[in-house]
Amino acid sequence: MKILNYLMLTIGIVGAINWGLIGLFGFNLVAFLFGTDSFLTNAVYVLVGLSGLYMIMFYARIDENEF
């Protein structure tokens with residue numbers, strides 16, 4: 001479970017960095033690396049979305065120090 005937590009956090013961080021780049025500079029790193037509307041680009045977006053949903057459960061673990 002710990003590996004899954006680290007994986008989801010890493011994917012979430014990648015998504016957050018990408019959104020920061022879009023907001024600050026209008027630069028989409030994922031689309032730059034994998035192409036606009038490609039299968040890989042969409043797969044990365046889906047993984048980021050799923051990791052965000054997964055990370056919701058971290059709110060319940062804040063006091064448990066289970067990270």
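Helices are DSSP runs of H or I with at least four residues, numbered from the N terminus. The model is predicted: local features need pLDDT of at least 70, side-chain atom pairs count only at pLDDT 80 or more, and totals for chains, interfaces and linings use all residues. Residues are numbered from 1 along each chain as its sequence is written, and side-chain values use heavy atoms, without hydrogens and water.

**Exercise 1.** Find the buried residues of helix 3 and state how they are arranged around its axis.

*Solution.* 
- Buried means under 20% relative accessible area, exposed over 50%, partly exposed in between (1.4 Å probe, protein chains only).
- Thr-41, Val-44, Ser-51 and Tyr-54 are buried.
- Down the axis of helix 3, they fall within an arc of 145°, so they line one face. The arc is taken from the directions from the helix axis to the C-beta atoms.
- On the other side, Phe-39, Val-46 and Leu-53 are exposed.

**Exercise 2.** Which helix gives the most to the nonpolar patch?

*Solution.* 
- Helix 1, helix 2 and helix 3 each supply at least two residues of the patch.
- Helix 2 gives the most, with 3 residues.
- Phe-34 lies in helix 2. Phe-34 has a relative accessible area of 37%, so this residue is partly exposed.
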